[in-house]
Each structure stands twice: as structure tokens, then as C-alpha cells.
Amino acid sequence: MVRLTVRSSASPPTDRRRRPVRGIRSVAGQVFALQVVVVLLLVVAAVLALVLQSRRDSTQEATSRSVAVAQTFANSPGIVDALRSPNPTAILQPKAEAARMASGVDFIVVLNTDGIRYTHPNPDRIGKKFVGNYEPALHGQVVTEQITGTIGPLVQAIVPVPDANGTVVGAVSAGITISKVSGVVDRQLPLLVGAAAAALVLATVGTALASRRLLRQTRGLGPSEMTRMYEHHDAVLHAVREGVLIVGGDGRLLLANDEARRLLELPANAEGRYVTDLARDPGGVKVDLKGGLNGREHGPEHGRELGLDPEVAELLASGRTVSDEMVLAGDRLLLVNIRPTDRNGGPPGSVATLRDSTELHALSGKAASARRRLKLLYDASVAIGTTLDVTRTAEELAQVAVPRFADFVTVDLAEPVLAGAEARLDDAGRMRRVAVHGIRDDVPLYPVGEAITLLPATPQAWSLGTGQAVFDSDLASSSDWKVQDPERAARVVEYGIHSVVRVPVLARGVLLGMAKFWRSDRSERFDEDDLSLAEELTARAAVCIDNARRYTREHAMAVTLQHSLLPHGLPQQNAVEAAYRYLPAQAGVGGDWFDVIPLPGARVALVVGDVVGHGLHAAATMGRLRTAVHNFSTLDLPPDELLGHLDDLVNRIDQDQTAAGPGDDVTGASCLYAIYDPVSRLCTIARAGHPPPVLVHPDGTVEFPEIPAGPPLGIGGLPFSTAEIRLAEGSRLVLYTDGLVEDRERDLDDGLELLRSSLQSGPPDGGPDGGAARTPDETCEAVIAALLPARQTDDIALLVARTRVLPADRIAEWDVPADPAAVSGVRAAVSRQLSGWGLDEASFVTELILSELVTNAIRYGSEPIRVRLLLDRTLICEVSDTSSTAPHLRYAATTDEGGRGLFLVAQLAERWGTRYTAAGKVIWTEQLLG
């Protein structure tokens, strides 16, 4: 039996295998109910018939016994004489009771011809009229009748008592109750009823099992649903464009739909016949097809009778599970699937489905090839161009094409392209190999780094000149390409490389180089389809290579601009010993900068700044801000005032950029500005949105000074504050940008703690053991080694300055009273001091400068007036007073009596200027020594 289930669209959407319908609505339920009713009716009928039969048998038995007892007693010896005797009762009563007791009847009554009883079990009734129809007995007949007496329903028989002459002289009546006769049957009735009940239970259980089996096979469907199911089954089975064959466990073909008959050319009477495991091949040779479903062997003619090819017959008879196996049946290519039918308790056998894939097979090869090509192009779009490095991008092209498209890939680029420039026509023949990748490493092609100059007559040069891709499917027989390097070409052919595709690397009309795809003996030769795929691959890579080339060019320009704007060295000064490190980001350039600016009075300014963003605009903005800091520093402004002017400048830059139209605005900048005075050891610091400095004391302890945090530059409207720190000689002041302590994998707090640890790990700057101090340059090396991230995404600027102190013997100070006569005393004291320093040759010029400056202070300033000489790299003269008026250099007319003093000072000194302090101003000059 083969079970097919086709659900109709009208069936409920429940899962009937898991939740079978157990009501009488289903076919199984109706069959169960019907069978139970039939069995029940049969049992009731059988019991009723048994009861009726027992009642009839009881009546017949009572009649027979009563007649037999009556006739026996009537024919007993001496009964006639007793009836004729004077007292019949005395003779007959004992005999009648004895006979009654012996026979088991209820009574034996002897009566005369008048119906008077002579005997009776109840003596009171003797002599009374007999109740019953005794007249026929007086005429010689036997009478039986069924009456209901005082003892219940009974059967009595009346028989005549004839004499020797045949004359009836009396009658004998014997009776017995039916209940006495039917007692045996009644005692057997419970057993009969129990047997009937057992039969009913067994029948019900059997019916339930059969119904359950039917329920499982019908899936709980009702009659109408079953009808629709089989109608739909037939409609679907014969309408689908897929062949369906069902083979039984004995190897017989049980079902074949219309499509299967058409595909296999089966005869009309194919169903019910064996799918043999023996068939003949087209040459007539007997073929033994092993692996039948049941191991039976049938004659070789059966397969031929069904019209099956041997391969198809073998597959159908194998009984194995098959998924999408191609089988040739005649001129058709069939796709066969076979599944067993004995799963989940089904009948043995198998179901086979057949699809004609003759046309699809031809298309599937092309479709599979197209899928592979699309997959390769997709992978190339993902894998090529992951970086903005020209060489790496070329390597990615070679790697993605091996081994799915070619066995070996080489990429040659024009040398200017490697530097970010565009290749000219005369550069096209000069290439450098940048990528080689293949299935083996011993290929005899030009290695990476080899310079290649293409000869004009070669196919490579022609392809570059025309920009067209070409392929050579037989390198062994081709001779033009061997002209380039005959010896290497011979080794390439000997190695087994048989074909090549040459594709110029072109992007946006710019010739970049050439890509070559090689195949060896393990692969088929290149064709036209491969040429188009190679062009597509190379075109995608060419855009990425050109992007990398442009980036290389722009990055080089930005780096060049950045380096031109950064300090090329540190200026000479004695206030601090400084060292720095500047590390640009691995991708792009930023706007970090630093500066060490000498200031008047042997002081020095330390600057670190950072412009947010990357690229040319950030580098250019950094240059403008650095220039502005230099310009503002010449005014000798305090750090907070300088940052305020810088903030105004950034605001103006933003306003100018906004007015010019959309562009790269200055999105933010930070700066830290510090001034260190080696005379007072006082360091004045202000910062605008910049990380705080780190102070390393001479004993090696590390401190983050509390510096007021001002807003970033460009915010505007908020003042900046300064902090003053008195530094011990040998202290190290560490200034840095946020790229050092913060990146994508490390937050600011962790970076600062790591910076502290790196500064603490070195020897102290002088200690009780007199050990050598870590120099600023060694400090820079230690900090960079500890904090440099693996993937640097931001610029890093680091400036370390170790403080010095100007010795007291190089400083001279005098208080000057506001009296013109005091000028001569100052000149004499200065002359003596210069003589003590060994600067006698500078005494005359210095006396003239100080005479003019002191005279101006006495005349235009206010007390107290002080004069200070500092011997540093230059001789510094300072005159201070508490007035805020500043002298101005001008040219005096010929009629003016004065106004030539500052002009004379400017001519004699190397530099001069004025700086304002909280108490007034200082006019200073510097003179070169030697």
C-alpha cells in the first residue's frame, strides 16, 4: 500500500500529524462508531435470541416431561383397578406422590371421567373438580396446555387411562412449572452475557486499533475532505511538470504520473510490473544491476519492457537516497531525486522525482561561471583599496585574482606613480614591478622591485600605447613577447606558463602601469570572456591605485607644507635645555606645533599647540597660528594676554572663511604658552583648552601643576588665567599634545597616568648618590617608547625643557634716584662691573646707552628707577620705572634740541624694546659680545 497525502486548500491549517481529529467527523471516527454500533447490535441480538430460545426450549421441555410423566403413570400397572375400586384415593395418592417426587414434576393428578380429582399434592383439593380441559382426554386424546396457576406459569398434560377394551376409565394430569425447567438456562445466562460482553470489548478494542490506523493514514480527514484530497492528489500528480514514480518494496512500479511516462516513454501498462535490476545495454550485452530493493532477481527483459535505460533502471532499483543526480535517459538529461517511503512507519519502497534539465544544464554551466565571475568581482571590490598605499593596492589586486582567475599575477607601475605623480607618455616604458603573487613562489617572472624598460616593438608596449587589453593563449608559439627578454621568456615557457592577459592600468585617463594575468599547465587557457573579466578587475583596481596615488601626492604636499611650517631646530638660549619629538600621523597630517622662543631679559617662551583636524587646511592654519604666536611674543606680552590676542585671531579667521563661502573652517585649536625667567626662576603659564604640563622635580617626583583651564581658541568672550610656579634649577617641564596621551584605545586619564609612570622610571635629576640626570632628549625617548600607540592616528608633539638659573655673579642691579646728577654715578658703577666681567671694550657703548635710558627715566618716568645688567649670551641692559609711558623712536629735525637719544640707542644696541610689568615698564637693550 502506498500512502500519498495531498492537502486541499479547504482543509484547516492545523498540523494533523501532531493533533489528529478524534471526533466522529473524521472517516476513522465514523468507521469506529459504526463498527461499535454493529458489534453492539449483534451482541444484543445474540443475547435476545439466546433468551428466547431458552424460553421456547423450556416450554418444550416442560411439555415433554409432563406428557411423559402423565403417560407413564397412566400406563402403570394397577391404575385401572384402582380407579374401579371403592376408594381410589387411598390407593393412588401414595403412588402419585411417590411418582411426583421421583419425576420432579410439580403435581400428578388422577381424575375420573367426571373430572373429580382422586389425587393431588394438596390433599384439600382431592375430590374437587379438575381445572383444565380434560374432555378431549376422555375421548382418547392427549391434551397439553400452558396455564398460570397458583404456583406460577406451568405446562400440564392430560392423558387418558384406557382399560383392556380401550374404554377410557379416567385421566392422569401431570404438570411442571416453566421456571423449574428453565433454571439451568437461567444459571448459564450470566456466563453467556459475560462472554457477550467480552466479545463486545474485544471487538471494540480491535475496532479502535483499526480506526487508529485509519486515522493515522487519513490524517483525521472527513469524507468530504478525503474526496477533495484525492481529487487534488490526482490533479496535482498529473498536472505538475515533474515526473513522479513510486516503486514498491518488491520492486514493482506502483505509480507513474503523466510527466514520468513522457520522460521515460513508459507503456500504458507499466504500473504493477517490476523495475528490474537486470537490463541490457544498448549493445545487447547483459548487465547485472545489483542492489534491488528486496534482493530479488528478475529477467533482463523487464527493464526493456518498461522502456527504461539501464542506468535509469539501476538507479530506480537501487533503493538508495539520491539528491539531484544527473542521469542520461535517451536524449534527455534528467535530474533525479529518490527518497524511501518507509520513514515514519510508511510502507517499504521509494519515491523518485524526475526533472528534464537538458536545456537548463547547458545554461547552468554558464550561470555558474557567471556567478563565479560576479563573486570574484564582488570580492575584488571589497578586498582591493583597503588602504591608500599604491603598492599595497597593487598587491591586493594580485592576491584576489589568485587562484580563482589566474595562477600568477604581476603588476608593474610607472615610477612617477609610486611618488604620487602622473606618468607622462615618455614614462610609460619605464616600469617597476610592485606586486607578484601566484600559486608557487618559484615562478621565473621579474621579481618585486625590478625596474623594467619595455621595448617599443613588444606586445606589452603596444598595449600600453593603445590602452587596449590583449591576451595571448599560446605563449610557446608566440614570438613577439619574447623579444623583451628571450632568456627569461624561455624559462617562463619551460616552467609551464602557457597563456597571459595584459591589461593596462588606466584610471581617469591617466596611465598608471600594467597588470598581467598568467596561467600554467594546471588551468585552461585564457579566452575572450577571461579578457573582459581581467579588464573589469583591473579597472576597479586602477581607480583604487589612482586614489592612492592622489593621496600619496597630497600627503607628500601636506607633509612638505607641515615640515616647512614647523621649527627646523631650537634657537640658542641659556634659560633651558630643551629637546623635542614631532611624529606626524600615519595617515594624513595634522596641526600640532611647538616652539621655543627666546625673550628679552634672558627669558624663554615655551609653546605647544594643536589645530583640530587633518590635512592641508589644518597644516596651513597651524602655520598661521605659529606665526601669530611669534609676532605676539615680540611684544613681550604675558601668557594670558597673548592667548587672548590669539583667540581674537582665530575668530577673525573663522569670520573670513565664512564670508568667503563654504570651506574648511577652523573647527578648534588649543595652545599652552609658558614664560620662564632664569633670573627669578619664575615660570608663568596659561593654557587654552590644552592638556596640562607635567613638572618633574630634581628629585624625580612628578607633578601635574594646577593650571587654570581656559577655553579652546576661537570660542571668544572668555578671559584666560595664568599660574606662576617657581622652579628649582634642573626641573623638567614636559609639554605635549593630546595625541601622545589619548587615542581610540586609551582615554585621557589612562594616558596621563602612563605619562607619569614613564617620567618616574628614570634616574632623578641629581640625587644623594650624585647619579647622572636624565637629559631632555632621553626623557623624550622614554616617553615616546612608553606611550606611542601601535596605530598612530593623530600627530604627536612633545617638548621637554630642563631649567637653568642665571648665576648671581652675572647679575648687577642699582637703584637710581630721580636726580640728573645721579647719571654719572651709574655710569661709573657700570664701568666697574663691566671691567669685572672682562668687558672693558663694551664700557663706552654701554655707558652711552644707559646714560640715555636713565636720563629718559628720570625726565619722563617716576620712581623707583632701577638699572639691571645681565650677562648672558648678550649683554642686557634694563632700566625700569613705575610709569606706563613708553618712549618712541623718531627722527629729530635740525632745529630740535633733543629727540636723538633713542635713535642713538637703536644704532648702538643690537636690539631694544619695551615690556610692561604689573608695576610699570622696562626698557631693555641687547649688545652682542665679542
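These questions and answers walk through the predicted model shown above.

Residues are numbered from 1 along each chain as its sequence is written, and side-chain values use heavy atoms, with hydrogens and water left out. In this predicted model, local features need pLDDT of at least 70 and side-chain atom pairs count only at pLDDT 80 or more, while totals for chains, interfaces and linings use all residues.

User: How many helices and strands are in the protein chain?
Analyst: Helices (H or I, at least four residues) and strands (E, at least two) are DSSP runs, numbered from the N terminus. By that count, the protein chain has 23 helices and 33 strands.

User: What percentage of the residues of the protein chain count as buried?
Analyst: Buried means under 20% relative accessible area, exposed over 50%, and partly exposed in between, with a 1.4 Å probe and protein chains only. The protein chain has 930 residues. The share that counts as buried is 45%.

User: Among contacts between residues at least 6 apart in sequence, what percentage join residues at least 24 apart?
Analyst: Contact means heavy atoms within 4.5 Å. Take the contacts in the protein chain between residues at least 6 apart in sequence. Those that join residues at least 24 apart make up 61%.

User: At what angle do the axes of helix 21 and helix 22 cross?
Analyst: Axes are lines fitted to C-alpha atoms, for helices over the stretch in contact, and angles run from 0 to 180 degrees between N-to-C directions. Helix 21 covers residues 822-836 and helix 22 covers residues 843-860. Their axes come within 9 Å. The crossing angle is roughly 145°.

User: How do the residues of the contact of helix 21 with helix 22 divide by type?
Analyst: Helix 21 contributes Val823, Val826, Arg827, Val830, Ser831 and Leu834, while helix 22 contributes residues including Leu850, Val854 and Ile858. Ala, Val, Leu, Ile, Met, Phe, Trp, Tyr, Cys and Pro count as nonpolar, Asp, Glu, Lys and Arg as charged, and the others, Gly among them, as polar. The division is 7 nonpolar, 5 polar and 2 charged.

User: How much space lies in the largest pocket?
Analyst: On a 1 Å grid over the protein atoms alone, a pocket is an open set of points with protein on both sides within 12 Å along at least five of seven lines, whereas a cavity is a set where a 1.4 Å probe fits but cannot get out; lining residues have an atom within 4 Å of a point. Grid points are joined across faces, edges and corners, and a volume is the space filled by probe spheres set on the points. The largest pocket holds about 790 Å³.

User: Which element gives the largest share of the lining of the largest pocket?
Analyst: The lining has 31 residues, and those closest to the pocket centre are Arg603, Asp677, Arg915, Tyr916 and Thr917. It divides into 13 nonpolar, 7 polar and 11 charged residues. Elements giving two or more residues include strand 21 (669-677) and strand 32 (911-916). The largest share, 4 residues, comes from strand 31.

User: Which element gives the largest share of the lining of the largest cavity?
Analyst: The structure holds 2 cavities of 30 Å³ or more. The largest has about 170 Å³ of space. Of its 15 lining residues, the closest to the centre are Tyr446, Gln460, Trp481, Lys516 and Trp518. The largest share, 3 residues, comes from helix 14.

User: What separates the C-alpha atoms of alanine 585 and glutamine 792?
Analyst: Alanine 585 sits in the loop between strand 18 (576-583) and strand 19 (590-599). This alanine 585 is buried, with a relative accessible area of 5%. Beyond its neighbours within four places in sequence, alanine 585 is in contact with His614, Gln792, Thr793, Asp794 and Asp795. Glutamine 792 is 207 residues away along the chain, yet the C-alpha separation is 5.6 Å.

User: Is alanine 602 buried or exposed?
Analyst: Alanine 602 lies in the loop between strand 19 and strand 20 (603-614). Its phi is positive, about 65°, although alanine 602 is not a glycine. Its relative accessible area is 8%, so alanine 602 is buried.

User: Where is proline 403 found?
Analyst: The peptide bond from valine 402 to proline 403 is cis, with omega near 0°. Proline 403 is in the loop between helix 11 (390-401) and strand 12 (408-414).
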